Amino acid sequence: MSAQTPQPAPQPAREGARQPVLSVRDLRVRMGTPRGVAEIVNGLDYDVHPGETVAVVGESGSGKSVSVMALMGLLPRTATVTGTAEFEGRDLVGMSDAQLRTVRGNGISMVFQDPMTSLNPVLTVGRQITEGLLAHGDLPKRAATERAAELLGEVGFPDPRGALDRYPHQLSGGMRQRVMIAIALAGRPRLLIADEATTALDVTVQAQILELVARLQAEHGTGVIWITHDLGVVAGIADRVLVMYGGRCVEDGVVDDVFDAPAHPYTRGLLGALPARLGPELDAEEPPELVTIPGTPPLPTDLPPGCVFWPRCPVRSDPRCEREQPPLLEVSRPQVGGRPAGLPHRAATWCSEGRP
Amino acid sequence: MSGYLLRRAGQSAVVLLGVAIAVFALMHLVPGDPVRLALGTRFDQAAYDALRERAGLDEPLPVQFLGWIGSAVTGDLGVSFRSGEPVTMLIVERLPATVSLAAASILVALLIAVPLGTLSALRPRSFVDSAGTVVSQVGISVPEFWMGILLILLFAGVLDWFPPGGYVPLSEDPVGWLRSLVLPALTTGLVSGSVLTRFTRSSVLEALGADHVRTARAKGLPARAVLRWHVLRNALLPLVTVTGVQLAYLLSGVVVVEIVFAWPGLGLLALQAVQDRDYPVLQGAVLLFAFVFLLLNLVVDLLYSRLDPRISA
């Protein structure tokens with residue numbers, strides 16, 4: 001394989017040579033809006049292997065949520081999705097709604113950002129778990145209730161049977177997110193998508209939820225896509241990270257590789273914008289200034305012709321940047337015994353060397 | 001729950017008392033002497049004084065009020081100046097006509113509003129939505145009397161399917177009752193239905209955009225189950241309130257429609273009482289309307305706490 005061709009790596013990070021549970025190729029999402037066609041996702045390629053956690057990071061509006069909603073067929077009718085997304089060998093793109101329905105909540109589950117609004121306020125917790133179970137299997141109702149209680153126990157409810165009859169408003173945010181996870185786990189999914197699942201929670205609860213998902217993932221070998229803008233979460237739980245900007249993957253690779261040696265100016269900006277928590281700066285008289293990336297992300301209806309990051313880029317070391325979109329190229333590849341092994345670290349930039 | 005109920009009933013009683021005072025005060029503030037009017041051309045001072053005394057109008061106002069409200073509590077709303085009949089009886093006589101019309105109208109309204117509003121919300125800017133919008137705008141804008149006249153012209157005049165007016169009591173002739181009910185109920189039902197259609201549409205549209213609907217779809221529920229349990233179930237809540245208000249309005253007598261269809265309901269009774277300065281009848285009718293309104297609001301609140309676990313007592 002030439003290092004110059006933008007190709008997804010064939011091997012998973014941890015699990016040996018197992019087949020990926022999800023394989024996304026050239027995924028694109030377009031949506032008609034009053035202000036023209038919005039190009040929200042512009043060619044994503046990635047694999048998720050069983051037991052692996054892939055973090056997708058980026059600012060709001062970078063297309064990260066839309067890209068996973070597209071997999072689930074949860075986008076409005078105005079959206080056009082192209083490319084392929086093979087889940088266990090079946091292409092999700094272009095599946096009929098009836099076919100997708102058998103995958104949703106069964107093969108692939110989702111946990112959403114806001115547990116306050118993601119549960120139906122007028123139905124009991126038990127009902128909201130069992131309806132998913134009943135929709136997918138010919139389980140008798142009693143067995144579904146049993147299973148729901150079991151799931152609530154699994155996600156850490158002290159009194160699962162009593163919790164079945166509670167309404168969402170009677171639970172705290174953390175407990176509601178546990179209910180969401182119980183709902184997501186009901187169908188024993190092979191892929192779990194967490195869309196900013198801990199963003200709305202306070203830090204201690206966030207840690208509990210991350211721990212819970214990690215435990216369940218280890219028990220069931222679930223592949224996880226974790227969408228977040230919290231780089232701390234990425235460092236804590238992810239095997240690989242995919243940095244999105246303007247609907248594209250601008251950099252991806254094993255978390256340590258990307259965080260230790262970010263190649264794309266945008267990734268460097270993101271990491272630079274993290275407030276320093278450790279190190280000598282904290283002892284200094286004046287705390288270090290917060291670094292930000294000036295400007296705002298491009299509108300999906302009005303993407304720049306060249307590199308999507310060009311308008312905000314502090315480097316711009318290559319004249320091609322303004323006119324051409326740089327391809328996603330391999331930056332480095334872990335070596336084992338002198339041979340390339342594992343996943344490459346890739347970035348879509350010509351400016352890796354021109355570090356400011 | 002019973003504590004909540006008691007508190008709400010107490011509040012309603014206070015409001016009702018306020019309404020009673022206001023109505024009573026207003027009756028005595030408006031110009032025009034009911035006794036003179038009742039006597040008509042047979043006026044002489046002795047008869048005038050006698051009638052005033054008999055009606056208790058020579059007493060101080062607070063005494064009059066306490067007397068009236070005291071007997072109102074026991075169901076005695078006094079005697080009509082005009083006919084001399086007990087007000088309670090006059091009202092009870094009119095009740096079946098009003099209740100039939102209100103119930104039938106709200107039924108027509110809901111049968112139009114719920115399917116049309118839901119379809120419009122599910123397919124915004126589709127043909128159904130645009131047609132629904134136009135029809136309900138027309139329904140809201142067209143005056144009831146004109147709608148009533150058009151319906152009479154078509155269904156009573158040209159087609160001769162239904163009688164052009166009049167009320168047939170259910171106890172006398174169930175088929176005739178139903179036939180006499182169709183046109184007036186359609187008239188008020190179309191108007192109420194137009195309001196409710198707009199309301200259902202926005203309510204369903206809002207429910208559709210809720211995050212938990214996305215959760216329900218992500219669970220892999222069939223579209224029907226998502227609609228039934230996660231959209232309509234939630235959109236129903238605000239609809240209950242508006243339906244309650246509409247029903248209260250219909251029960252307070254729809255004067256114009258009652259005139260067009262010669263419908264002997266409470267609206268006509270109140271109108272007649274106004275023209276005759278028949279205080280006891282008017283006071284009784286207004287008090288009843290206020291009572292019905294408060295009662296329906298109470299029922300809606302209770303229903304709400306049943307439907308929405310967040311508002312439990």
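Visitor: How many residues of chain A are in contact with chain B?

Guide: The size of an interface is often given as the accessible area lost when the parts come together. Here a count of residues is used instead: in this predicted model, 24 residues of chain A are in contact with 20 residues of chain B. On the side of chain A that touches chain B, α2 (97-103) and α3 (125-136) are the elements that give two or more residues. The largest share, 4 residues, comes from α3(A). By class, that side has 11 nonpolar, 9 polar and 4 charged residues.

Visitor: Which residues of chain B does the UniProt annotation "transmembrane region" cover?

Guide: The unreviewed entry lists several spans, including 12-30 and 99-122. Residues 12-30 of chain B are 95% helix and 0% strand, with the end C-alpha atoms 27 Å apart. Residues 99-122 of chain B are 100% helix, and their end C-alpha atoms lie 34 Å apart.

Visitor: What span should helix α5 (residues 87-122) of chain B have?

Guide: At 1.5 Å a residue, the 36 residues of α5(B) should span 52 Å; the end C-alpha atoms are 50 Å apart, which agrees.

Visitor: Is strand β10 (residues 248-254) of chain A buried or exposed?

Guide: In a regular strand the side chains alternate between the two faces of the sheet. For β10(A), 7 of its 7 residues are buried. β10(A) pairs with β9(A) in the antiparallel sense over 6 bridges, and A:Leu242 stands opposite A:Asp252. In their hairpin, A:Gly246 takes a positive phi near 55°. β10(A) is also joined to β14(A), antiparallel, by 2 bridges, where A:Glu251 stands opposite A:Ala347.

Notes: Residues numbered from 1 in each chain as written. Chains lettered and ligands numbered in written order. Predicted model: local features only at pLDDT ≥ 70, side-chain atom pairs only at ≥ 80, totals over all residues. Contact = placed C-beta atoms within 7 Å. Nonpolar A, V, L, I, M, F, W, Y, C, P; charged D, E, K, R; others polar. UniProt positions renumbered as here; feature names shortened; annotations may be inferred. Expected span 1.5 Å × (residues − 1). Buried ≥ 20, exposed ≤ 12 C-beta atoms within 10 Å, placed from the backbone. Pairing = 2+ DSSP bridges.
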